[in-house]
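Trainee: Could you walk me through reading a structure, one feature at a time?
Mentor: Gladly, let's open it together.

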Amino acid sequence: MGLKRGTQILAVLLMAFFLLSCSSNEEKRAKFMDQGIKHYAEEKYPEARLDFKNALQIDPKHGPAFFQLGRAELKLKSYQAAYKAFLEAEKQLPNDPEIQIELGQLLLLARQSAQAIEKADAVLAVDKNNIDARAIKSSAMLLEQKPEEALSLLEPVVTPGLNNPQVFTALVMAYVQLKNPEKALQTLTLGIEANPDSVPLRLMLARLEAENKDLDKAATQMRAVIGLVPEDQSLPYQLADLYWRFGQQDEARKIVQEQLIKQPDQEENYLFAAVFLRQKGDLAEAENLLRQGLERLPKSFKLRFALSEILVATRNIDQAFGVLQECLTLTKDMEDPEIINTRIALARLHLVVRDIPSAQSQVEQILQVSPKNPDAHFMKGQILLATGKAADAIAEFRAVISEKTTDIPAYLMLSRSHLVEKQPELAMDTLRQALEVNPNSPEAL
């Protein structure tokens, strides 16, 4: 009898411990969730991501944590990680419309129209007027070149004052596909009135005004966008490009110079300016700007990389080698990522001039300090293929894919290596794998 009672007491104690443990875990999970939501609201997205991952360590099947993690990954532009998080959230909360909307948006981004429509339809089945779902489905219809179907979804819900830029964007694209620029312009005007801070709508209006040959109106919209997103250093160069296309090169150059004067110690400004001038065919001025940048930023690797590319384009190969060699003197840390990037650039340039031994030397030096470096393995594969060693090149390109599963050039080179080895089936299988990664890759297709 005593033994039985003792067993009962033990069972009660164990149950109490279990309940206490559960309560404690729930409190910890809730604490991490609250903290993550707070960090997200404060735009501290790396911290928010860590909070939600901590919540999932406690409860690996907590749907809301996966959902919030996906949102944080989106803000960090980690789209694949976001998609995986939302898929896990969907497993736990299959009927949550917000999760379906997020998945639909990402599928649209990947141009997976059929799957995006499936997600939108799941929401519309229970809420036929859901504006976000209609926007996703109509955008997917536009990817499939079905503007009439897109219009039928959007026109019933579009009203003046609608606070949803994506709906207006899709509606404008439908009118553009239907070659109705007047309706497109009217819709953009309505959309901007309702969503004055929408960068995509203003960029679309700038593009349409430019197509209508109205430089002043297009420039007005571009300047408004620059005011909305002053941290985007590429936007002033888009404005300069607009003026250049209208034959106002002096105004375009003035905008470029203004950016350099405004932020003379910003590396990115010199890079944007050099790219802009190079695209316009003014290689001499692009080279001059980069050299000015190096006078102010003598330790810049990126400016030297850009300068070496221009020197190669102007056939000053020896100078290009000299600029890259300068990079190797900027730090004694041979594991510095910029030193590794320099050696990659040197290896490529040696390959261009068919100096195989020097290219091999640079690659081997990288692999000594970074044995799994995918760029080095890619270069080594190219060297092996160029020297008739396709079988060995196969192993190198496979090493690249194991580290960078989305690297389409590696799949293409691997396929080519299989062809050289007279393995057409394996070459075709490799291309199919590439298309699984990116179904719309023109090279793989």
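Predicted model: local features only at pLDDT ≥ 70, side-chain atom pairs only at ≥ 80, totals over all residues.

Trainee: How do the axes of helix H7 and helix H8 cross, and how should I read that?

Mentor: Two packed helices are described by the angle between their axes and the distance between them. Here H7 (residues 131-143) and H8 (residues 147-154) have axes that come within 8 Å and cross at roughly 170°. Angles over 145 degrees count as roughly antiparallel, so H7 is roughly antiparallel to H8.

Trainee: Which residues in H7 and H8 meet?

Mentor: On the H7 side they include Arg134, Met141 and Leu142, and on the H8 side Pro147, Glu149 and Leu153 are among them. The residues of this contact divide into 7 nonpolar, 2 polar and 3 charged.

Trainee: How many aromatic pairs are there in the whole structure?

Mentor: A search finds 6. A pair of aromatic rings is described by the distance of the centres and the angle of the planes. Tyr237 and Phe272 are stacked, at 5.6 Å centre to centre with 25° between the planes. Tyr237 is buried at 5% relative accessibility, whereas Phe272 is partly exposed at 28%. Trp244 and Phe276 are edge-to-face, at 5.7 Å and 85°, and again join H13 to H15.

Trainee: Is Asp282 buried or exposed?

Mentor: Buried, because its relative accessibility is 19% and the cut-off is under 20%. Asp282 lies in the loop between H15 and H16, and its side chain makes a polar contact of 3.0 Å with that of Arg253.

How values were computed:
Residues numbered from 1 in each chain as written. Heavy atoms only, no water. Axes fitted to C-alpha atoms, helices over the stretch in contact; angles between N-to-C directions. Helix = DSSP H or I, 4+ residues; strand = E, 2+ residues; numbered from the N terminus. Parallel < 35°, antiparallel > 145°, perpendicular 65-115°, else oblique. Contact = heavy atoms within 4.5 Å. Nonpolar A, V, L, I, M, F, W, Y, C, P; charged D, E, K, R; others polar. Buried < 20%, exposed > 50% of the residue type's maximum accessible area, 1.4 Å probe, protein only. Polar contact = N/O pair within 3.5 Å; in protein donor to acceptor, adjacent residues only side chain to side chain. Phe/Tyr/Trp six-rings, centres within 6.5 Å; stacked < 30°, edge-to-face > 60°.
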